[in-house]
Amino acid sequence: MQGIAGNIAAAGIGLRQYKRGTAPMPERGVLIGAIIDACEDAGLAPSEIDGFASFGDDQNEPVRLMPDLGIKDLRWCSTVFGGGGGGIAAAIGQAAAAIMTGQASAVVVYRALVQGSSGRLSAAVMAHHLNSHMAGAGLVAPAQMCAIRAMRLFEHHGVPPEAAEAIVQACYYHGSRNPEAVAYGKSISHEDYEKSRIISEPFHLFDCSRENDGAGAVLFVSAEKARDLKKKPAYVLGVAQGAEKGWGDLLENDDADQYATAGFKSVARHLWDQTGLRPDDIDVAQVYENFSAQAVASIIDHGFCRIEEAGDFFRLENLIAPSGKLPINTSGGNIAQGFVHGIGMMIESVRQIRGDSPNQVPEAKTCLLAGGPGAPIVSSAIFGSEQPD
Amino acid sequence: MTAEIEALTSGADGPYFEGLKAGEIRVQKCAGCSEIHWPAVFRCPDCGSWEHVWQTVSPEGRIFSWTRTWHAFGGPAAHKPPFVSVVVSLLDADHVRLIGTLDRPDAAVAIGARVRADITEVDFLDRKIPTLIWSLV
Ligand SMILES: [Zn+2]
């Protein structure tokens with residue numbers, strides 16, 4: 001069986017991001033703009049796109065994008081189940097499935113989110129999951145559901161809350177140095193963090209990503225075709241998605257050894273097996289942080305440190321470019337670059353491999369994209385600068 | 001069971017909410033192999049049975065995790081911030097965890113603390129939802 005193994009690559013990226021409520025066009029228009037940007041970046045005519053994959057209940061059906069893009073022959077449309085960001089990397093897996101089996105040749109992975117068009121993301125995610133057990137207990141927001149897991153991670157497993165603050169500070173460190181980030185030029189002190197209002201214990205306001213309007217698109221093609229286009233290819237080395245028994249939409253009845261994780265137990269194992277890589281081989285990571293503690297759990301799940309080592313590992317100096325042990329969220333991430341349901345993190349993964357990041361890790365050869373943590377199904381992918389032999 | 005409740009459940013756990021309305025906590029037990037399944041299932045993954053009985057359990061447990069909500073997210077009006085939501089492992093079936101709230105927002109909540117439940121009903125989105133209010137014992 002042929003693996004993904006660099007047989008497809010990201011060839012073009014486009015991101016249009018606005019403060020919530022300020023998008024200049026309705027959602028579909030913004031999305032078409034991002035797709036056009038990705039095509040111009042790659043040097044591919046938009047009419048050549050023949051496939052789409054998305055995640056997180058995106059409301060823009062690909063067939064409705066055809067007229068504006070001039071698409072002649074639509075051959076692949078798919079989306080990953082789940083209301084949250086868990087499926088973001090899995091959407092790349094769908095692009096790989098389409099391209100490597102000859103069902104499509106140029107697949108755009110996209111996500112668009114403009115409040116005036118599709119409402120608040122948090123409300124949409126929760127509507128996807130809401131039931132009487134949770135609603136009866138006042139649990140109606142993703143922040144609360146993630147806070148309960150974080151509480152167990154801190155209080156029972158002994159991960160210090162400072163680990164979560166280190167994630168937030170790393171995001172701000174990078175975001176403050178990225179002219180395209182909402183946090184450009186802004187830093188937060190420990191006091192700012194501590195004094196920010198409490199949302200749902202243990203989360204402060206700064207632990208939570210906040211929605212922006214916008215859309216992002218990444219164009220995937222075969223490795224061969226990518227080498228003929230304008231930009232340096234960011235090869236997809238592997239993708240894994242799913243959930244292991246004992247995890248996922250279980251009314252808080254996840255197995256005790258998985259409860260305070262981010263749900264990547266099986267996904268991380270499959271990703272490492274598939275690629276033959278180990279955590280030590282990863283130069284930089286974009287770790288989806290809907291909430292800070294979930295990013296801590298995600299990094300532990302992927303094997304970068306053990307839960308007992310979290311206090312040592314999650315220090316700002318370890319998490320920042322250019323020379324931290326594991327620079328994360330180098331554009332600022334969802335927390336400080338901007339949050340369009342995580343699509344900005346896929347785009348930053350490609351930039352790191354190209355060498356175009358505002359916080360470049362020198363000669364980054366591999367970048368992990370860890371998808372929305374804590375979701376009933378999660379997914380991860382690895383991008384690389386070279387196609388493996 | 002009312003349609004209002006059914007609309008917010010998987011359907012397999014309808015008897016749980018029926019039980020709450022009758023003043024009891026009932027959990028699902030497989031009629032074939034006696035395994036307790038939670039969340040409720042239609043089909044037992046262990047023996048393949050589709051038949052279940054609903055067993056009444058003691059309303060006692062230990063806090064498995066919790067959060068105190070300060071932001072007004074728009075949940076049931078009965079839960080005015082700050083309020084504490086808890087996940088509780090049942091003493092009678094410790095692999096079963098139920099979700100509820102604590103009776104006092106300022107309670108000395110901690111993982112492992114013993115709690116006991118009362119049953120109440122809250123209004124949410126034009127529905128009456130039976131739910132558990134736990135107190136520290
Ligand atoms: Zn059975």
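Because the model is predicted, local features need pLDDT of at least 70 and side-chain atom pairs count only at pLDDT 80 or more, whereas totals for chains, interfaces and linings use all residues. Residues are numbered from 1 along each chain as its sequence is written, chains are lettered from A and ligands numbered from 1 in the order in which they are written, and side-chain values use heavy atoms, with hydrogens and water left out.

Over all chains, 23 salt bridges are found in the whole structure. One of them joins Arg111(A) to Asp58(A) at 2.9 Å, N to O; Arg111(A) lies in strand S4 (residues 106-113) of chain A and Asp58(A) in the loop between strand S2 (51-54) and helix H2 (66-69), so the pair ties together parts that are 53 residues apart in sequence. Helices (H or I, at least four residues) and strands (E, at least two) are here DSSP runs, numbered from the N terminus. Both Arg111(A) and Asp58(A) are buried. A salt bridge of 2.9 Å, N to O, is also formed by the side chains of Arg120(A) and Glu211(A), of which Arg120(A) counts as partly exposed at 35% relative accessibility and Glu211(A) as buried at 13%.

Between chain B and chain A, the contact (heavy atoms within 4.5 Å) takes 37 residues from chain B and 33 residues from chain A. The two chains bury about 2900 Å² between them, 61% of it on carbon and sulfur atoms, buried area being the accessible area (1.4 Å probe) that two parts lose on being put together, summed over both. Phe73(B), Arg97(B) and Ile99(B) supply 22% of the area that chain B buries against chain A, more than any other three residues. Across this interface the rule finds one salt bridge, in which the closest N and O atoms of Glu201(A) and Arg68(B) are 2.8 Å apart. The largest share of the side of chain B that touches chain A, six residues, comes from S4(B).

Strand S5(B) also gives two or more residues to that side of chain B. Eight of the eight residues of S5(B) are buried, so this strand is largely enclosed by the rest of the structure. S5(B) pairs with S4(B) in the antiparallel sense over eight bridges, two strands being paired if DSSP finds at least two bridges between them, and Ser65(B) stands opposite Val87(B). Five bridges join S5(B) to S6(B), again antiparallel, with Val87(B) opposite Ile99(B).

On the side of chain A, Asp254(A) is placed in the loop between strand S8 (234-242) and helix H11 (265-275) and, at 2% relative accessibility, counts as buried. Leaving aside neighbours within four places in sequence, the contacts of Asp254(A) include Arg149(A), Tyr259(A) and Arg97(B).

Terms used
A salt bridge is a side-chain nitrogen of Lys or Arg within 4 Å of a carboxyl oxygen of Asp or Glu. Buried means under 20% relative accessible area, exposed over 50%, partly exposed in between (1.4 Å probe, protein chains only).
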